[in-house]
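Please keep the sequence and the coordinates open while reading.

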Amino acid sequence: MALTFMFILLAILLIVGVPVAVSLAGASLVYILIEGRPAVVMIHTMINGVDSFPLLAIPFFILAGHLMNTAGITNKIFAFARALVGWMHGGLGHVNVGASVIFAGMSGAAVADAGGLGTIEIKAMRDAGYDTDFSVGITAASSTIGPIIPPSLPLVIYGVMASVSIGELFAAGLIPGLLMAVSLMIMVAWYSRRRNYPRDASFQLSRLATTFKAAFLPLLTPMIIIGGIVSGVFTPTESAVAAVGYALFLGLVVYRTLTWKHLVRVSMDTIETSAAILMIVSAASIFAYILTANQVAASLGDFLLGISENKNVLLVIMMLLVLAIGLFMETIAAITILVPVLLPIANQVGIDPVHLGIIVILNLMLGLLTPPVGMVLYVLSQVSGVRFERCVTATMPFLVPLVIVLFMVVFIPDLALWLPTMFYR
C-alpha cells in the first residue's frame, strides 16, 4: 500500500512541475514515514549515494565543456570541420555533424553542444540560405552524439549506478557514436540532393591546413581524455581533471581569451549544474533503495520473463520502457531510476551491462529530441528564436537515422562490445 502511494505521489509531483530531485526525495520520505522507519535511514542512504569517487568526474567534465565554449574554442572546431567536409553537397549540414563529433570528445553533454556549437551552426546555415527547419533539425540531432562518444556524463552516472567500469562504457560508446554521425550525414546528403543545397566552398588543402593548425591544440583534448583512459595513465575521473587543466591552459595561456570574470561565471554555472545533477543522484539513491528493499526489480523481472525468455525480445521491451520514461523525464533522473530496475533483469538473461548502458543512453537521447521534456529543443528554441513547436517538427525526420542506429546496436551487440573486449577483457 505504501509503495503504491509512493509511486502515485511521485507521478503527481512530476506532473505538476516539482523538480525531479524534490519529487524523488519527497515521495521516498512519505514512504519511510508511512512504514514507520527512522528518517535517518534516508539521510544516510542519500549521502552514500553521492559518496563516490567516479562522480567527481561530473563537475570537472561540465567545467571543461564550459571553458571550451567560453574560450572561443568552438569557433576553431567549426572552422576546421567546415574546411574538412564543407565542400560536399549540403556542406554546412555535414559540418554541423562533424563539429558535434569533435566537440563530443570534449564536453560529453548534448545541451552543451546545442548551446555552444548550435548558436554558431544555425547562424552560419541561415546566412548560407539553408531552410531554418533543416538547420534546427540537424543541429538538434547531431547534439545527441555528445553523450555517446566519450567522455559522457550520462555514462558516468550509469557506471556509478550499475557498478560498471566507466572506461569500458566510454570505449563502448565510440562506435555507436560514429555510426550516429554517419547515419546523419547520409540523411544530410539525401536532403541536399532533393533540395539542391549548395557546397559551402571548394576543397582547399591550404585552408584545411590553416584551420587544422588553428584547431590542433583543442583537437588534442579527446586524445588526452580517451588515450589516457585506454592506456591506463589515469582513471575517467582523473581524465576529467586533466581536461579542465588543459582547457585552462588553452584559454589562459595559449589563446588568452579567458578573463577572471569569465572564470567566475563559468565556475558558478558549473556549480549550479553539478549541484542539480548530484541532488538528483542523491534523491534517486533512496528511491532505488526502496525499490530494492521491496524487490520491485525481481517482480518486474518475473513479469517480463513470463512474456518471453528470449534476450532480444526482452531488449526490445526494455528499450520501449526506457523510451517511454525518456519522453517525460530528464536523462540523469531517468538513468538513476531505471538502472536498479533493469540491471537485475539484464543479468538474469545474460545481457551485458555495458551493452545495456549504451542502449539506455541511446534511448534517452531520443527523449532529448521529443516533447514534452526535450531539453535540447528548448535550448535550440532559445538560441535560434524558433518556436518550440516548430523545433519539434523540424527534428522529427532526423529521428529516423538515430532510431536505425539504436536498433543496430540492440541486435548487434559487438558494435558496443568490440572495443571494451579488445582493451579491457
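In helix α2, the buried residues are Val-20, Ala-21, Ser-23, Leu-24, Ala-25, Ala-27, Ser-28, Tyr-31 and Ile-32; buried means under 20% relative accessible area, exposed over 50%, and partly exposed in between, with a 1.4 Å probe and protein chains only. The model is predicted: local features need pLDDT of at least 70 and side-chain atom pairs count only at pLDDT 80 or more, while totals for chains, interfaces and linings use all residues. Residues are numbered from 1 along each chain as its sequence is written, and side-chain values use heavy atoms, with hydrogens and water left out. Helices (H or I, at least four residues) and strands (E, at least two) are DSSP runs, numbered from the N terminus.

The buried residues of α2 pack against α1 (2–15), α3 (40–50), α13 (260–293) and α16 (331–349), where contact means heavy atoms within 4.5 Å. Helix α2 covers residues 20–35, and at 1.5 Å a residue its 16 residues should span 22 Å; the end C-alpha atoms are 23 Å apart, which agrees. The expected span is 1.5 Å times one less than the number of residues. Just after α2, Gly-36 takes a positive phi of about 75°.

Two of the partners of α2, α13 and α16, also pack on each other, at an angle of about 20° with their axes 9 Å apart. That makes α13 roughly parallel to α16. Axes are lines fitted to C-alpha atoms, for helices over the stretch in contact, and angles run from 0 to 180 degrees between N-to-C directions. Angles under 35 degrees count as roughly parallel, over 145 as roughly antiparallel, 65 to 115 as roughly perpendicular and the rest as oblique. The crossing of α13 past α16 is right-handed; a crossing has this hand if the near helix is turned clockwise from the far one by less than a right angle, and is left-handed if anticlockwise. From α13, Ile-277, Ile-280, Val-281, Ala-284, Phe-287, Ala-288 and Leu-291 meet Ile-332, Ala-333, Thr-336, Ile-337, Pro-340 and Val-341 of α16. By class, this contact of α13 with α16 has 12 nonpolar, one polar and no charged residues. Here Ala, Val, Leu, Ile, Met, Phe, Trp, Tyr, Cys and Pro count as nonpolar, Asp, Glu, Lys and Arg as charged, and the others, Gly among them, as polar. An α-helix has 3.6 residues a turn, so residues three or four places apart point the same way.

A second pair is formed by α11 (residues 205–231) and α12 (residues 236–254), which pack at an angle of about 160° with their axes 9 Å apart. That makes α11 roughly antiparallel to α12. The crossing of α11 past α12 is right-handed. Leu-217, Pro-218, Leu-220, Thr-221, Ile-224, Ile-225 and Ile-229 of α11 meet Pro-236, Ser-239, Ala-242, Ala-243, Tyr-246, Leu-250 and Val-254 of α12. The contact of α11 with α12 has 12 nonpolar, two polar and no charged residues.

How many of the 12 residues of α8 are buried? The number is 10, so α8 is largely enclosed by the rest of the structure. Thr-139 lies in this helix, α8 (residues 132–143), and is buried, with a relative accessible area of 0%. Not counting residues up to four places away in sequence, Thr-139 touches Asn-96, Gly-118, Glu-121, Ile-122 and Leu-380.

Most residues other than glycine have a negative phi, and most peptide bonds are trans.
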